[in-house]
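Take a look at the chain below.

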Amino acid sequence: KKGKLEGSIYGKTTISAMLTKRQNEVLQLIIQNPSITRDELVNVLGINPSAVQKHIEKLKENKVIKRVGSDKGGYWEVID
């Protein structure tokens with residue numbers, strides 16, 4: 001089941017286990033380039049802007065990422 005907390009290491013649930021495949025793809029792109037824009041994510045993933053926004057919102061909701069700074073000059077921070 002997508003999004004279900006499953007898979008753990010030493011009793012600790014891994015972040016990737018609670019995310020969908022697409023959310024993991026977005027997260028990996030953010031890890032590779034914290035300054036990546038939503039438009040760049042759209043182009044790399046080949047999906048609609050609304051879908052990218054949905055995945056980003058879910059990652060933020062799950063406290064996996066947060067935005068630091070402005071939309072234009074900021075970057076994504078992955079939360080441990």
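The model is predicted.

**Helix packing**

Helix 1 spans residues 21–32 and helix 2 spans residues 38–45. Helix 3 covers residues 49–61. The table lists the two packed pairs.

| Pair | Axis approach | Angle |
|---|---|---|
| Helix 1 and helix 2 | within 11 Å | roughly 120 degrees |
| Helix 1 and helix 3 | 10 Å | about 80 degrees |

Start with helix 1 and helix 2. Their axes cross at roughly 120 degrees. An angle from 65 to 115 degrees would count as roughly perpendicular. Helix 1 and helix 2 are therefore oblique to each other. Their crossing is right-handed. On the helix 1 side, the contact uses Arg-22, Glu-25, Val-26 and Leu-29. Helix 2 answers with Leu-41, Val-44 and Leu-45. By class, this contact holds 5 nonpolar and 2 charged residues, with no polar ones.

Now helix 1 and helix 3. These two pack at about 80 degrees. The 65 to 115 degree range counts as roughly perpendicular, so helix 1 and helix 3 are roughly perpendicular to each other. Helix 1 brings Arg-22, Gln-23, Val-26 and Leu-27 to this contact. From helix 3 come His-55, Ile-56, Lys-58 and Leu-59. The class count here is 4 nonpolar, 2 polar and 2 charged residues.

Arg-22 and Val-26 are listed in the contact with helix 2. Arg-22 and Val-26 are also listed in the contact with helix 3.

How many salt bridges does a search of the whole structure find? The search returns 4. Side chains of opposite charge can pair when their charged atoms come close. Glu-25 and Arg-22 are 3 residues apart in helix 1, so about one helical turn separates them. Both residues also belong to the contact with helix 2.

**The hairpin**

Strand 3 (residues 65–68) pairs with strand 4 (residues 75–78). The pairing is antiparallel and runs over 4 bridges. Which residue of strand 4 is the bridge partner of Val-68? That partner is Tyr-75. Ile-65 has Val-78 as its bridge partner in strand 4. Between the two strands of the hairpin lie 6 residues. In this hairpin, Gly-69 takes a positive phi near 85 degrees.

Key
Residues are numbered from 1 along each chain as its sequence is written. This is a predicted model: local features need pLDDT of at least 70, side-chain atom pairs count only at pLDDT 80 or more; totals for chains, interfaces and linings use all residues. Side-chain values use heavy atoms; hydrogens and water are left out. Axes are lines fitted to C-alpha atoms, for helices over the stretch in contact, and angles run from 0 to 180 degrees between N-to-C directions. Angles under 35 degrees count as roughly parallel, over 145 as roughly antiparallel, 65 to 115 as roughly perpendicular and the rest as oblique. A crossing is left-handed if the near helix is turned anticlockwise from the far one by less than a right angle, and right-handed if clockwise. Contact means heavy atoms within 4.5 Å. Ala, Val, Leu, Ile, Met, Phe, Trp, Tyr, Cys and Pro count as nonpolar, Asp, Glu, Lys and Arg as charged, and the others, Gly among them, as polar. Two strands pair if DSSP finds at least two bridges between them. A salt bridge is a side-chain nitrogen of Lys or Arg within 4 Å of a carboxyl oxygen of Asp or Glu.
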